[in-house]
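Dear colleague,

I am handing over the structure shown just below, and I would be glad if you could look through it before reading on. My notes on what was found in it follow after the display.

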Amino acid sequence: MIKLSVVIITFNEEHNIGRCLESVKEIADEVLVLDSFSKDRTEEICKSYGVNFFQHAFDGHIQQKNRAITYAAHPYVLSLDADEAIDETLKKSILEVKKNWQFDAYSMNRLTNYCGKWIKHGGWYPDRKLRLWDSRKGEWGGTNPHDKYDLFDKSSKTGHLKGDILHYSFYSVEEHYKQAAYFSDIAAKAMYAEGRRSNFFMIWFSPIVKFVKDYIFKGGFLDGKAGYSIAKISAMYTRNKYRQLKKLYDRSEENKSA
């Protein structure tokens, strides 16, 4: 049977981390937390569960998650966010994989709880994530803040596990608005660093396309009021990141001509 390291990054997660750690007790041979100097009880709660606790200044979701893996005692890693937990079905699936590891990596579905409601539509489910892997065969990539795990070899084989990651995303709509504003700023800076540009169409029409796609074509309306809020805020996030990206380029051009 392989030994499994569960790896989690944290910052001020006292309301979530206990649930996450409780859910992995039966499957983890090691739980490792890399914290960004939390100001709340996150460290205290983690240490009460006997985890291997480290701290490092946050310099990006991708960077922090790759850094966390380097602290892991075992190459086989399950990566979770602090606001996630695994359900009983996924727990059983992972225990079976530990006995018989057949693929380079494994994906699983993620089911999100939004303000107390489980969201099944609007592109939020099944929301397949690659979270269990041999860490020698890949690394975190993507564009901050939207990280994804990339396997080095494109011919790598992946399996899919039964069960869900339970994602406790937002406890209020206000939290969602706040995070969307924060993430749009991060995304704009990351796109600017990559040399990507914004234009009138992206700022004004991409949000409309995003709303219609998620709320109508992906069935967000079936999730009721929550589905509408999600689609609306997602559209706002899309508009803001392109607007911020244009401001960065405009500012750069002004500095060049000064």
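A place to begin is I8, whose bridge partner in strand 2 is V33. That pairing belongs to the contact between strand 1 (residues 4-10) and strand 2, which run parallel and are joined by six bridges. Please keep in mind throughout that this is a predicted model.

Strand 2 (residues 30-35) is largely enclosed by the rest of the structure, because six of its six residues are buried. In a regular strand, side chains alternate between the two faces of the sheet. Both faces of strand 2 are covered, with E30, L32 and L34 buried on one side and V31, V33 and D35 buried on the other. Helix 3 (residues 61-70) is mostly covered as well, since seven of its ten residues are buried; these are H61, I62, Q64, K65, R67, A68 and I69.

The aromatic residues deserve a separate look, as the count comes to 18 aromatic pairs. In one of them, the rings of Y114 and F170 have their centres 6.0 Å apart and their planes at 80 degrees, which makes the pair edge-to-face, planes over 60 degrees apart being counted that way. This pair links distant parts of the chain, for Y114 belongs to strand 6 and F170 to strand 11 (residues 158-170), 56 residues apart. Both Y114 and F170 are buried.

Another edge-to-face pair is that of Y215 and Y228, where the ring centres are 5.8 Å apart and the planes stand at 80 degrees. Because Y215 lies in helix 7 and Y228 in helix 8 (residues 224-257), the pair ties together parts that are 13 residues apart in sequence.

Turning to the surface, you will find a nonpolar patch formed by F200, F201, W204, F205, I208, V212, I216, F217, F221 and L222, which together have about 1,100 Å² of accessible area. The elements that give two or more residues to this patch are helix 6 (200-204) and helix 7 (206-217), and the largest share, four residues, comes from helix 7. F205 lies in the loop between helix 6 and helix 7, and it counts as partly exposed because its relative accessibility is 39%.

With best regards

Key. Residues are numbered from 1 along each chain as its sequence is written. This is a predicted model: local features need pLDDT of at least 70, side-chain atom pairs count only at pLDDT 80 or more; totals for chains, interfaces and linings use all residues. Side-chain values use heavy atoms; hydrogens and water are left out. Patches are made of residues with over 30% relative accessible area and no salt bridge: like charges are joined within 9 Å, nonpolar side chains (Val, Leu, Ile, Met, Phe, Trp, Tyr) within 5 Å. Accessible areas come from the Shrake-Rupley method with a 1.4 Å probe; for residues, only the protein chains shown count as cover. A salt bridge is a side-chain nitrogen of Lys or Arg within 4 Å of a carboxyl oxygen of Asp or Glu. Buried means under 20% relative accessible area, exposed over 50%, partly exposed in between (1.4 Å probe, protein chains only). Rings of Phe, Tyr and Trp (its six-membered ring) pair if their centres lie within 6.5 Å; planes under 30 degrees apart count as stacked, over 60 as edge-to-face and the rest as tilted. Two strands pair if DSSP finds at least two bridges between them.
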